[in-house]
Amino acid sequence: MRETEPIVFVVDDDLSVRRAIKLLVESVGLRVELFGSAQQFLQANRPDVLSCLVLDVRLPGMSGLDFQRELAETDIPIPIIFLTAHGDIAMTVRAMKAGAVEFLTKPFRDQDLLDAIQVALDRDRDRRHREADIALLRERFGLLTSRERQVVARVVLGMLNKQIAAEIGTAENTVKVHRSRMMEKMQAKSLAELVKMVERLQSHPTVSAHKDDHPTKLK
Amino acid sequence: MISARAALTGSYNDLQVVLSALIAVAASYAALDLAGRVTAASGRIRSAWLIGGAGAMGLGIWSMHFVGMLAFSLPVPVSYNLPLVLVSLLVGILCSAFALYVVSRHRLGISRALAGSVLMGAGIAGLHYIGMDAMRMSAECRFDLRLVALSILLAILFSLAALLLAFHQCEETRGTPSRKTASALGMGAAITAMHYTGMAAAHFTASPVAPDLSHAVSVSELGTTGIGIVTLIVLGIAILTSAADRRISALAKTLEQRVAERARTEQSLRLFRMLIDQSNDAIEVIDPETLRYIDVNGKACLDLGYSREELLSLSVFDIDPSVDEAKVAKVRSELQDAGSGIFESFHRRKDGSTFPVEVSVKQVRVDRLYFVSVARDITERKRAEEALRESEEMLRLAAQAGRMFAYEWDAASDVIVRSAEAPKILGIAGTALMTGQQALAATYPDDRERVIALVAQLTREKPDLRISYRLVRPDGSVIWIERNSRAHFDEQGRMLRVVGMIADITETKRAEQSLQETQAELAHVTRALAMGELVATIAHEVYQPLTAVLTTSSFVQRQLTSNIPNLKALQDAMAEIVQDGNRIRAIISRIRTLFTKDAPDRVELDMNEVIQEVTVLVRSEAARNHVQFKLNLADHLPLIIGDRVQLQQVLINLILNGIAAMRTVTDRPRNLDISSAKHGDGVLVRVQDCGIGVDPNNLQRIFEPFFTTKRQGIGIGLSISRSIIESHGGRLWAEPSSSGAIFQFIVPSTGGRGI
């Protein structure tokens, strides 16, 4: 039904605050899910949709900042908006460095929260697009034979066919065949485009299907 | 020769009658004299005197008789039968011996005196009539029986008189010679009277019968005179011997007495000397001129360390270093005026050391003038006096310093006698009389009931009272006193008197009060400091609902500006806002109580409520440090009496400490166990953390003010906490646990009321 609707997750130990945020955020047409603690959030069955997390820094059991770190480590790249009643600069810096979207001090202005949520959702959307993009590239990359992958790694470094043939021990013509088939599979219209594609793949190493074939390990 | 039957008339030779009387008197005198000697002598000497005396006296009586007979001349020749004459002499001697024996006895009863006189009278009469019977002549002798009886009676009576006299003579050993002579004269007269009465009883008639002249002798005039003279000589010798003996024995006696007296004197002198030597005081006889010692007793030698001989070569100046001419003059004049004087001085021993003495000097005159000095070593007394003076001084100083005084109240008179410090403390005149009624009236009105009640509870078994209360002085100022007293009761349990000490503790009380104020101030500061630490928590506490209120309000605003406001949602939102607003108010009012500095307010409290309130306040602080509270509160706890804010402060302190102790803990859940339980009639609260724990060496020190193990702590939290709990009559202590520390406190349900 609303499977694709964006969701704003709220983790705060204070019921009043949770309910107030829900009222506010829902009033702008966003779906809101509430949790009393980090554990509840982690244990919940969350749909993989466009989303952001509104997180209170002070939580019983585990602090918001530790939770942020844990989320990053377990590869849940959800944008986080921090809320705190009494934040200090050190805490803010740490949160922002770790990728927080916004650090709001309670009581916050409603618009600030809504704006932050918007930014967070945008950021999540961008990330999702990027990831979909990379997934596509990875899918194409997966189609390449090992010879073609060897050629790709050397092409993007600007090596000539003759040089490549010498290095991998084959004929220059064979390299030419690999190269054209590779460009076709990767759907790259130019060398420049191919270089961009490979760069993107290299910048997201965490999501590699085949370890050995990871672009960073091309060498 | 004249014819027979013719009455013969005798005539007396006057001269010879006188001689006979003289002999009688002499014999009597000798008898009396000898009786004295017999009495004085004893043993064989006494027998000798008795025999000699009896012989002399018997001879005297006999001689008187025959001289008397010879003085009587009859017209017929008379001769005497010699054996009968000798028998009469023997009778005389025996009767004299008996008489002497009787009178020489030390006691003479009436019956004995009578028997003696009868015997003696009979003896004299016997001698007379035997002598008459010895007459050999040519005549018949007839007796007038009445006169014979009279003569015998006279003999007996005179004998009685003579015996009594003689006995008295013997008793009074120094009988006067005149009296002895008078007695002798009386007795002589008696013998003579008896003789001549007996003669008067005899009537001679001429008889033709020739007398039996066998063994008869005739006595010439010259012979009678011879007998008389010889008798007198014998008697004289007897008297002289007696006199000499008396003299000698008297001398001997005197001598003996003197010897005995001397012995007694010497004995008593020895005793006296011993007494003097044994005396506990040094006694010295001093020459008033040179002040040299004439005699000293043993104690003097002992005290001064000199021998007697050494001391006798010294003078007062050598012994008493304080003596100089002026002092001597002073003592002399004192002695002159009063005859004696007492003064204290010092005496110096042979070894040079000195000791205090009390010297009593008397002036004594025995032939010449002497000073007798009695010196008593008063070292001990001085020491005791000094000790007493010191202890009195110390007591006085203590009383002065401690501002206290002793008093005694007498129930019968209601009068209070008090020591010298009292007027100053009580602000009354030194001479003012004080009664129990006045003392009660001076008691501070608020304290009076309490004092009366406590005094009324005193009994013989529990007579002691220790109580502090206030007194109002006459000038209106109020002082605090502490009274320690003991009541005394009679057999019936009636209070007789009360003896006690009153100490002025106003200063102490004032200091205590200011200490309390300081402590309250400090407690407030600590609380404020703790609150400072809690600011983040408090902000969070307030901002949470505030955030909810503002956020919900924004929603409301948005709804109201939209075209189709959701009324149901608006209603719910407004309810939320009100609810959160109330929550803010509750939090702020709770925080405010923590910041107040009011005097302790003791009310009935449920400790569990206090714990829950506190955990709400520090919940955020715990959350920030990832600490979980584990509450384990017992049901049905007794209510306690206490100050809510103070107890909250203690709990906050313990909880914040526990949280701080677990900051570095990463290997285990940071749990803070807070539990309550019934303990006796009070409540036990435990706060247990699993943090770094407390160094066992510091378990006590952590309660000391300004002791801290925290880098930013100032170290008064626990000390304040402990004093708060103690002011509730409870106690607060720490224990190490397997991991972390346990802090616990007990608050009795009385909450320390009445302490």
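**Exercise 1. In which loop is the place of A:Pro79?**

Look between helix H3 (64–73) and strand S4 (80–84) of chain A: the loop joining them holds A:Pro79. Helices (H or I, at least four residues) and strands (E, at least two) are DSSP runs, numbered from the N terminus. This is a predicted model, in which local features need pLDDT of at least 70 and side-chain atom pairs count only at pLDDT 80 or more, while totals for chains, interfaces and linings use all residues. Residues are numbered from 1 along each chain as its sequence is written, chains are lettered from A and ligands numbered from 1 in the order in which they are written, and side-chain values use heavy atoms, with hydrogens and water left out.

**Exercise 2. Decide whether A:Pro79 is buried or exposed, then find what it touches.**

Step 1. The relative accessible area of A:Pro79 is 7%, so this residue is buried. (Buried means under 20% relative accessible area, exposed over 50%, partly exposed in between, with a 1.4 Å probe and protein chains only.)

Step 2. Leaving out residues up to four places away in sequence, A:Pro79 touches A:Ser51, A:Cys52, A:Leu53, A:Val101, A:Ala120 and A:Asp124. A contact means heavy atoms within 4.5 Å.

Step 3. Take A:Ser51 from that list: A:Pro79 and A:Ser51 are 28 residues apart in sequence, and their C-alpha atoms are 7.7 Å apart in space.

**Exercise 3. Describe how chain A is built.**

Step 1. Chain A has nine helices and five strands.

Step 2. Read from the N terminus on, its elements run β-α-β-α-β-α-β-α-β-α-α-α-α-α.

Step 3. Of the 219 residues in chain A, 43% are buried. Among chain A contacts with a separation of 6 or more, 62% join residues 24 or more positions apart.

**Exercise 4. Find the largest nonpolar core and the elements that supply it.**

Step 1. A nonpolar core is a set of buried Ala, Val, Leu, Ile, Met, Phe, Trp, Tyr and Cys residues joined through side-chain atoms within 4.5 Å. The largest one has 45 residues, and B:Leu74, B:Tyr80, B:Met120, B:Met132, B:Met135, B:Met137 and B:Phe204 have the most contacts inside it.

Step 2. Elements of chain B that each supply at least two residues of this core include helix H1 (14–40), helix H3 (82–104) and strand S7 (202–206). H2(B) gives the largest share, eight residues.

Step 3. Another core, of 42 residues, lies apart from this one; among its residues are B:Leu647, B:Val683, B:Leu699 and B:Ile724.

**Exercise 5. How far does the predictor's confidence reach?**

Step 1. pLDDT is the predictor's confidence in each residue, from 0 to 100. Chain A averages 84, with 89% of the residues scoring at least 70. Chain B has a mean of 80, and 87% of its residues reach 70 or more.

Step 2. Within chain B, confidence is lowest in strand S1 (residues 7–8), at a mean of 68, and highest in strand S24 (residues 682–688), at 93.

Step 3. pLDDT stays under 50 over residues 207–219 of chain A, where the model has 17 contacts beyond four places in sequence. It also stays under 50 over residues 751–755 of chain B, with nine such contacts. Where pLDDT is low, the predicted coordinates should not be read in detail.

Step 4. For the complex, the predictor gives an ipTM of 0.70 and a pTM of 0.39.
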